[in-house]
Amino acid sequence: MAAFGKGIHRFSSILNWVAGSCLIGMTGLTCTDVVLRLFRHPVLGTYEIVGFLGTAVASLAVAYTTVKRGHVSVPLFVMRMPHRVQVIIHQITHFLSIVLFGFLTVECIRYGNDLKVSGETSLTLTLPFYPLLYGMSLSFFIVCIILWLDFWNVLRGREKPWYEPKVTGEGGWK
Amino acid sequence: MSPTVIGLVGLVILVIVLFSRMPVGFVMALVGFAGFTYMVSMDTALRVLAKDFYSMFSSYNMTVVPLFILMGQITFHAGISRRLFDTAYKIFDYLPGGLAIATVGACAGFAAICGSTNASVATMTTVALPEMRRYKYGTSLSTGSIVAGGSLGILIPPSVIFIIYGIATEQSIGKLFAAGILPGILLSFFFCVTIFIWARLRPEVAPRGRKTTFKEKVFALSGITETLLLFLLVMGGLFLGFFTPTEAGAIGVGGAIILGLVRRRLTWGGFSQAVTESTKVSCMILVIVSGAIMFGHFLAITRVPFVAANWIGGLPLPNYAIMAVIVVIYLIGGCFMDALAMILLTIPILFPLVTAMGYDPIWFGVIIVLVAEMGAMTPPVGINVYVLSGIASDIPLESIFKGALPFVLSVLTCVALLIAFPQIALLLPNLMK
């Protein structure tokens, strides 16, 4: 189980590395488009590609952000409660979060399938939208696993609630 | 149960679950989804949930968020803020509390190229706090000036809060940025006056530092070159209509990288940290925004925003009194909640009310950013205080909160002035095309 957890954390870090690469790509493409526009040669489809890369940045970073406890929360009251109560609250909120991301995982696939069937594409480059939904679904599925690992580790008393796991390698960006 | 009652129950559940330490974005999405399921059907709620996340994640307009965050992160790692502090220090050294005033000045300058309060506070804690300690400044004054100065990051453009507010309310981000400039300068001035009075009343907390010559002051001005260049490039292009906000963000990132490399301050380690931190922060923001959109859709079908707007609008109170109540709501909410989450949560209810009262939406954006600033320095959730405390762990939280208090009064004065004279915020946006 520990090796599986490490593997998932490492994978989330790799996804974040891809998200970072997309962010740099987005910057490079937009700057190139702005400069070339001065010479009346804008990069065709920049608007669409930047939108696609933006989706990759946000969705591929969700898992790493979850691992690194990067999502904003209000810890004020829970922190003052006894350890046992904290564990109960942690488990309930983690269960609810798993349900939420489980729904998102399934529905993104279904929504992607609908877009695939209807053949919806972008206007200029005619890029299909459905792979974005599949990518989002994969990221949300990883989040489900990360949350479930947290849930399991706290349930078995291996970790304290809201611990921050160590991620080896950090996917190349660190 | 009537739809309005269901909406109100949803709001109460949301507030309760928020305090369970569940991430804010998750809570808003979950309660919105559950409410939508109860009101309409599970199938519809599932599709709305997926569509809301997809539409926010894939929106071209939202790509501006990671770009401006990356720009701020790169300037932070390129050490631009340290040079700003050195310049401000040499210019203001002759004033009582000169070091603390220099800190606020450097924060205001850094805010012009970085939209994050945390980055400003983190830099100034490492750069300015040791200097103030060396000259035996009082702990409350030194930490208070850093916490307050750092909060300017979300008022002086570029500002992530303005970007999100602009997208959520369909207002021009360029105009919002322009609207933040004069109030930002005014608030920086108020902070400096606060420090000046504090140092005059209790000279022992702000001993005079070393004096610099006029020649040194003139030479020190070179320290603001990078900031000025980057600000003129990004904001100039945006205000003159050369760039869209996303393009301005990308050009800002490019400019920051070039400046960092030219000055040989940006290392590979710093750059990779900037990218990692940017994806993480951007993702956190987008999850909150997506959750807020889902919750907003639930509220819309319960008609709570319209009922609340009609009810408050129908109260026998003058408009400024209602506005004062709104400010108090934000002030109290800001003590417990992250500024962005609070703004996104309240916009569906308060924005229609404010516009119905005839207030300018751009002006309102400035007001709520100012009030959010107070939230960043007041107990118990004041994020800036925790950032400072995280770096200077030997300073008790109470001392920092105590030091921030006089600056909260400055922000309140600024809010009152903006309510009395909205032109302070609207002058520059009205000059734009």
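Colleague: Why does A:Tyr130 count as partly exposed?

Modeller: Its relative accessibility is 23%. Buried means under 20% relative accessible area, exposed over 50%, and partly exposed in between (1.4 Å probe, protein chains only); A:Tyr130 therefore counts as partly exposed. This is a predicted model, in which local features need pLDDT of at least 70 and side-chain atom pairs pLDDT 80 or more, whereas totals for chains, interfaces and linings use all residues. Residues are numbered from 1 along each chain as its sequence is written, chains are lettered from A and ligands numbered from 1 in the order written, and side-chain values use heavy atoms, without hydrogens and water.

Colleague: Where do A:Tyr130 and A:Tyr134 lie?

Modeller: Both belong to helix α5 (residues 130-155) of chain A, four residues apart, or about one turn of the helix. Helices are DSSP runs of H or I with at least four residues, strands runs of E with at least two, numbered from the N terminus. Chain B has 21 helices and zero strands.

Colleague: Which residues do ring pairs link into a cluster?

Modeller: The cluster holds A:Phe101 and A:Phe140 together with B:Phe26, B:Phe53 and B:Phe57.

Colleague: Why is A:His9 called buried?

Modeller: A:His9 has a relative accessible area of 8%, so this residue is buried. A:His9 is part of helix α1 (residues 2-38) of chain A. Residues up to four places away in sequence aside, A:His9 touches A:Val67, A:Pro165, A:Lys166 and A:Val167, where contact means heavy atoms within 4.5 Å.

Colleague: How do you know that chain B agrees with a compact globule?

Modeller: For 433 residues, a compact globule would have a radius of gyration near 22 Å, and chain B has 22 Å, so the two agree. The radius is taken over C-alpha atoms, and the globule rule is 2.2 Å times the number of residues to the power 0.38. Of the 433 residues in chain B, 62% are buried. Among the contacts in chain B with a separation of 6 or more, 81% join residues 24 or more positions apart.

Note on methods:
Phe/Tyr/Trp six-rings, centres within 6.5 Å; stacked < 30°, edge-to-face > 60°.
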